[in-house]
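These are my notebook entries on one structure. I set down what I looked up, entry by entry.

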Amino acid sequence: MQKVIVIPDSFKGSMTSQEVTDILAGSIEEHLKCEVVRLPIADGGEGSMDCILRAKGGSRKTVTVHSPEGKLIEAAYGILPDGTAVLEIAESSGLTKQTGFRALEASTFGFGELIRAALDEGCRKFFLCLGGSATTDCGCGMAAALGITFFDRDGRSFVPAGGTLSAVSKIECSRLDQRIGEAEFTVMSDVTNPLYGPLGAAYIYAPQKGATKEEVAVLDAGLIHVAEVIERDCQAMLPEAGAGAAGGAGYGCTAFLRAKTISGIEGMLELCQFDALVKDCDLVVTGEGCLDEQSLMGKVLSGIRKHASNREIVSFCGICKVPAEELCRNCVIAVEIARGISIQESMEKGQYYLKLAADNYFKQRMG
């Protein structure tokens, strides 16, 4: 064996992609004689900024913005060597940036402030990574931070949140920061959900953000309403897929920033120059917390499979829910690290169980 690429996603709530990479690469180097390429990855969601900065170089900038609940917090963004800004919505408007759940009140205003800070630094090319948001405001908070004005039925301006989207009567775009028109925005997301409806942002993702059944209905109605106003006042057609990313911020970025949307994992693999690295590769080792059908439909593993040609892929995972025949068809070997272990214990001791599974697997492979 000549060359192995180690390219895992994070084990959410347990290990970062960098931690997983270091454990797997260390085990390979201990048991196999080969070149190991370390390439921690993400799918355009949380952790993507750090992955891109590690792959491309660049620097981190930290600024003060508003959290989803309106408190002042520190949030970071990246600037690549060519001046491209890399922003994560989770940095400013993520679930971990607020106290408790605030499904109806959470705002993306801080994400708009983060964009504005990068514009102040002179950035005119942006990668926007959507994932892990606490919000369902269709990106209206972001838009307000960048100069767009929202009016209620009495003509009063306000900053909409998820629970007040239905109050939006008119949108005035003339005060949008003029630098937005000079900039190029690319959204990276693995989500293909529509904005509203049974598969939309509210019904699929808002319960994870603390929304009750009644609140989900309020949020969905708000998304339906505000989409009509955005289309009328901003001349922004609603995309068929992907608009529901980050609580509708996918549509907000399209409508207010004229952003284009690409597959998160496709964008990440391109930035990390995976095609060039995999050409003379013998084995690809990846990993994620739960290997399920979604893993082969838009997530990290699906992108790796697409670009790795017929090369063998080994995926370490907390649990595997993909049938063996499906794995075989995709030339994927699944190695479960938490079989027979409680979810809580496997997450708390993820590094231990991953190292144990990796050592056992690569010892056998060596033999």
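In which helix is the place of Asp359? I found Asp359 in helix H14, residues 350-366; helices (H or I, at least four residues) and strands (E, at least two) are DSSP runs numbered from the N terminus.

For the record, the model is predicted, so I note that local features need pLDDT of at least 70 and side-chain atom pairs count only at pLDDT 80 or more, while totals for chains, interfaces and linings use all residues. Residues are numbered from 1 along each chain as its sequence is written, and side-chain values use heavy atoms, with hydrogens and water left out.

**Entry: Asp359**

I looked up the accessibility of Asp359 and found it buried, at a relative accessible area of 13%. Buried means under 20% relative accessible area, exposed over 50%, and partly exposed in between, with a 1.4 Å probe and protein chains only. The side chain of Asp359 makes a polar contact of 2.5 Å with that of Lys355. A polar contact is a pair of N or O atoms within 3.5 Å; within protein, one must be able to donate a hydrogen and the other to accept it, and residues adjacent in sequence count only if both atoms are side-chain atoms. Not counting residues up to four places away in sequence, Asp359 touches Ser27, Glu30 and His31 (contact: heavy atoms within 4.5 Å).

**Entry: aromatic pairs**

I searched the whole structure and noted six aromatic pairs. Rings of Phe, Tyr and Trp (its six-membered ring) pair if their centres lie within 6.5 Å; planes under 30 degrees apart count as stacked, over 60 as edge-to-face and the rest as tilted. One of the pairs is Phe316 with Phe362, tilted, at 5.8 Å centre to centre and 40° between the planes. Phe316 lies in strand E13 (residues 312-320) and Phe362 in helix H14, so this pair ties together parts that are 46 residues apart in sequence. Phe316 is buried at 0% relative accessible area, and Phe362 is buried at 0%. Another pair, Tyr352 and Tyr353, is edge-to-face, with 5.0 Å between centres and 75° between planes. Tyr352 counts as exposed at 51%, whereas Tyr353 is buried at 13%. I also recorded a cluster in which ring pairs link Phe316, Tyr361 and Phe362.

**Entry: helix H11**

How many of the eight residues of helix H11 (residues 300-307) are buried? Six are, so the helix is largely enclosed by the rest of the structure. I listed them as Val300, Leu301, Ser302, Gly303, Ile304 and Arg305. They pack against helix H9 (264-271), helix H10 (274-278), strand E12 (283-291), E13 and strand E14 (332-336). Just after H11, Ser309 takes a positive phi of about 55°.

**Entry: salt bridges**

I counted 19 salt bridges, each a side-chain nitrogen of Lys or Arg within 4 Å of a carboxyl oxygen of Asp or Glu. In one of them, Arg38 and Asp22 have their closest N and O atoms 3.0 Å apart. This pair links distant parts of the chain, with Arg38 in strand E2 (residues 35-38) and Asp22 in helix H1 (residues 17-31), 16 residues apart. Arg38 is partly exposed at 37% relative accessibility, and Asp22 is partly exposed at 35%. Asp22, Glu29 and Arg38 are linked in a network of salt bridges.
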